[in-house]
Amino acid sequence: MQWETVIGLEVHVQLATKSKIFSGASTAFGAEPNSQACAVDLGLPGVLPVLNEQAVAMAVQFGLGIHAEIPEVSVFDRKNYFYPDLPKGYQTSQMYHPIVGPGEVEITLEDGSTKAVRVHHAHLEEDAGKSLHETFADGRGHAMTGIDLNRAGTPLLEIVSEPDMRSAREAAAYLKAIHSIVTYLGISDGNMAEGSMRCDVNVSVRPRGQASFGTRAEIKNVNSFRFVERAIEFEVERQIELLEDGGEVIQETRLFDPERDETRSMRTKEQANDYRYFPCPDLLPVVLDRAYVDHLRDTLPELPAAKRARFQDELGLSAYDAGVLSASREMAEYFEAVKEVCGDAKLAANWVQGELSGALNREGLPIQDSPVSATQLGELVSRVMDDTINGKAAKQVFQALWNGEGQSADEVIEAKGLKQVTDSGAIEAMIDQVIADSPAQVAQYRDAEPDKRGKMIGYFVGQVMKASRGTANPQQVNALLKEKLDALC
Amino acid sequence: MHDTTLTALAAGLAAGEFSSRELTQALLARIERLDGELNSFITLTAEQALDAADQADAARAAGNAGPLTGVPLALKDLFCTEGVRTSAGSKMLDTFVAPYDATVVEKLKAAGTVSLGKTNMDEFAMGSSNENSFYGAVHNPWHRNAVPGGSSGGSAAAVAAGLVPAAMGTDTGGSIRQPAAFCGITGLKPTYGRVSRYGIIAYASSLDQAGPMARTAEDCARLLTAIAGHDLRDSTSVARGVPDYTQELDAPLAGLRIGLPREYFGEGLDPAVERAVREAIGVFETLGATLREVSLPHTHYAIPAYYVIAPAEASSNLARYDGVRFGHRCDAPADLTDLYKRSRAEGFGEEVKRRILMGTHTLSEGFFDAYYKKAQQVRRLIRQDFLDAFDEVDVLMGPTSPTPAFDLGAKKDPVSMYLQDIYTIAINLAGIPGISVPAGFVGGCPAEGRPAEGRPVGLQILGTHFAEARLLNVAHQFQQATDWHLRRPAIAEETL
């Protein structure tokens with residue numbers, strides 16, 4: 001039987017607010033356990049939440065970024081359940097009236113085609129703390145669990161998609177698109193390793209052509225693009241095997257174990273909590289003024305899809321280049337800065353995707369940590385464009401800048417004497433010397449059929465370039481060599 | 001010195017007749033000696049009180065005294081008080097020392113008042129008799145066998161007995177007004193949002209409101225002026241200016257339109273209470289007010305709606321008491337579930353558990369629409385009843401409670417206890433302010449030889465949202481024309 005996979009994602013994005021969603025405590029990552037939890041975060045008796053306006057603005061910006069409806073009124077609800085790292089015994093979330101209504105995210109697939117994935121809604125909520133199960137003991141040898149409430153109250157935007165994705169790759173592309181939108185907007189650092197973006201994946205399979213959905217499993221807390229793909233691939237295979245063996249999929253929550261590359265059952269529907277949602281009486285409904293939303297819309301930065309289109313239409317880049325260069329805000333900003341300095345989009349694109357990306361990948365650095373700044377690279381490209389250096393020398397200059405041997409391309413060119421030699425007298429002198437030093441090769445050249453000579457000239461070019469330490473203009477060398485060698489025939 | 005109003009004590013302090021330290025010491029001594037009979041305090045904070053009194057005296061000497069500088073009072077043990085045990089009347093918080101001050105406490109400290117301690121109350125403010133306290137029942141100063149009312153029973157008893165001139169209470173369904181009525185004092189529940197809830201241990205967040213309990217409306221006006229106002233830490237507090245509530249006290253009542261809700265004089269009302277209340281209302285006619293009957297047609301839905309909404313919110317508000325971070329934790333839990341179950345089973349009393357169960361049930365899947373949602377619809381209708389009535393009249397009047405203080409242990413059935421709040425509960429659902437003032441006695445008047453069975457009756461006066469100044473004015477004028485608020489139980493006249 002032919003099976004079709006159906007996937008929906010719930011993506012939790014940690015918003016980059018300075019303070020927590022309902023308190024003034026800092027949200028910075030990595031502090032000493034429980035050093036960033038105030039009375040409100042601890043859920044002490046008598047404390048009350050106060051909504052962080054910045055979190056509201058960020059959520060609305062996201063909504064505008066995916067062309068979603070922004071309802072005038074949204075309401076916080078309490079989701080009630082007991083867990084040691086949930087200080088109040090409920091999570092403040094938005095169940096019935098979320099801040100962001102239906103919208104759409106465009107994803108780009110590997111073949112360059114695009115697809116729209118519908119977003120059902122996005123809502124604001126607070127994060128819980130962390131339970132630390134490792135190596136705690138109470139002194140009498142009993143294992144204990146530590147609770148770190150630094151994360152408690154960190155603002156999250158939960159983005160709930162429709163079940164519109166049909167493969168692990170589409171799911172990963174969707175996650176990447178969300179990542180790029182939130183980082184473009186600057187509303188999240190998007191750091192998946194630190195948990196700034198996590199997702200729950202709903203997966204089901206159905207016979208191709210069947211209209212109704214199969215029973216789904218929810219895979220909780222997947223925290224990397226790669227894990228999303230692997231978790232889905234495993235889960236799809238598991239469900240298909242189950243169904244083909246005559247079994248049935250049960251609705252349940254599963255956990256992805258990246259070590260063993262499998263999903264495991266956490267709890268079934270029957271064991272699911274009744275969260276007893278009801279409107280939080282401590283918080284007023286959020287009423288958004290039209291003017292406020294319009295202002296946020298007017299000040300929205302250019303988003304990936306618009307940027308990609310502009311790179312293609314206005315800068316003449318290929319669909320592929322435009323996609324790669326607009327994938328992250330940092331990449332796009334870097335590329336545009338290089339282009340600004342050198343004035344040539346195509347060359348700037350080649351350098352950013354070629355030499356720079358190669359070096360970054362080798363060292364495992366993100367583009368914002370590149371040792372070569374966009375200005376430096378832009379100037380370097382300019383020097384290639386104005387024939388100050390040739391391509392080969394340019395690579396040397398890049399490497400020197402990468403290694404910190406000089407502040408600018410010009411400085412490196414000067415210091416290393418890489419300026420291209422275009423003085424034909426000087427080049428001719430070098431050619432004469434090479435011809436004089438290579439009687440055997442000259443003889444071979446002379447004896448060869450004229451149509452084979454083209455290939456043989458490469459040796460002489462190499463020798464001349466070597467003699468010039470790479471600085472001779474290769475086109476000139478080529479032309480002059482051909483002239484002189486042919487004169488000998 | 002002890003048996004007088006807050007206003008008179010403030011004047012005495014200002015005139016230098018006595019110092020705050022002297023006054024504080026005298027009251028602390030009275031509490032030490034007499035409160036054994038009443039059990040109105042859970043925690044006495046003598047040391048902090050004397051420090052605060054000295055600071056107040058120093059401020060006065062330096063010429064920095066405000067109207068309440070050096071005035072002693074007490075706080076219901078629901079207000080978080082920095083460095084002081086704040087128990088909410090529960091075993092659950094028997095060891096909880098609050099690390100911060102509630103906004104009300106902060107404001108009272110800033111005003112220079114001196115808190116003598118934390119008063120007894122029904123556990124987590126759930127009750128109408130103060131019998132649901134982990135620290136034991138409070139006795140009514142008028143009659144030791146009677147309850148003081150609840151949940152602010154300790155505050156009411158302490159004021160009535162002359163242990164403190166005033167105390168802070170909270171009112172979720174009548175918890176200021178009913179004990180004020182039972183103990184023969186004046187108690188004001190402000191408009192929801194008038195006083196910050198920050199630092200007040202939550203029972204039912206959409207209904208809870210703090211207010212003053214004192215001898216007179218004038219005393220309440222002084223205290224409300226100090227504690228009211230917008231608080232950035234409480235999103236439900238209202239950004240609205242705070243007047244000096246003493247300014248309007250003397251306005252004449254000529255032309256005042258008083259509405260008498262038909263539903264507040266019906267079945268279940270003790271005839272003796274009704275007689276006293278009607279007589280009190282007659283006084284207003286002599287002051288130039290006009291009376292008319294009005295209807296609040298949804299009154300009989302108030303108690304059922306309240307007992308859906310309040311327990312629902314409570315079930316969630318009290319989830320934080322899980323034995324993990326603070327409060328009672330059971331011994332040697334076997335695992336997490338055991339920790340939760342036993343900590344909560346041991347830490348909470350019967351009534352609290354009953355309300356948590358009710359609230360958990362009504363919020364459950366499949367019941368939410370039938371209970372919680374319906375109750376919210378009823379709540380809107382009840383609110384509208386009042387708004388419609390206030391289109392026609394300035395204030396509403398009726399009994400605070402259908403009976404005077406009942407005997408300790410008399411109401412074993414929770415529903416009969418819930419029915420006690422029939423005249424007070426709708427006010428919280430509507431969010432409007434209400435005040436209870438002493439308006440007579442049932443079973444014998446203390447002025448005629450103070451018979452043991454004499455129990456105070458409270459007149460409740462209601463106004464529209466933010467009409468506190470009007471309510472205090474009306475109550476004050478009544479107290480200028482009557483002397484019910486000056487009658488004292490025997491214990492108040494005991495000197496050391």
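**Close-up 1. The largest nonpolar core of this predicted model takes in 223 residues.** Look for Ala59(A), Ala171(A), Tyr174(A) and Val201(A), the members that touch the most others in this core. Helix H3 of chain A, spanning residues 168-185, gives the most to this core, putting in eleven residues. Apart from this core lies another one, made of 34 residues, including Cys342(A), Val372(A), Val384(A) and Ala394(A). As background, nonpolar side chains in soluble globular proteins tend to be buried together.

**Close-up 2. Zooming in on Ala59(A) and what it touches.** Leaving aside residues up to four places away in sequence, Ala59(A) is in touch with Ile99(A), Val100(A), Ala122(A), Leu124(A) and Leu157(A).

**Close-up 3. Three strands of chain A make an open sheet.** The order is E4-E3-E14, with antiparallel pairing. E4 (90-93) and E14 (278-279) of chain A sit at the edges with a single partner strand each, so one side of each has no neighbour in the sheet. E3 of chain A (residues 77-80) is joined to E14(A) by two bridges, and Arg78(A) stands opposite Phe278(A) of E14(A).

**Close-up 4. Helix H6 of chain A, residues 304-313, and its buried residues.** Pro304(A), Ala305(A), Lys307(A), Arg308(A) and Phe311(A) are the buried ones here. Seen down the axis of H6(A), the buried residues fall within an arc of 165°, so they line one face of the helix. What do the buried residues of H6(A) pack against? Their partners in chain A are strand E5 (103-108), H3, helix H7 (319-326) and helix H8 (329-342).

Key:
Residues numbered from 1 in each chain as written. Chains lettered and ligands numbered in written order. Predicted model: local features only at pLDDT ≥ 70, side-chain atom pairs only at ≥ 80, totals over all residues. Core = buried A, V, L, I, M, F, W, Y, C linked by C-beta atoms within 7 Å. Buried ≥ 20, exposed ≤ 12 C-beta atoms within 10 Å, placed from the backbone. Helix = DSSP H or I, 4+ residues; strand = E, 2+ residues; numbered from the N terminus. Contact = placed C-beta atoms within 7 Å. Pairing = 2+ DSSP bridges. Arc of directions from axis to C-beta.
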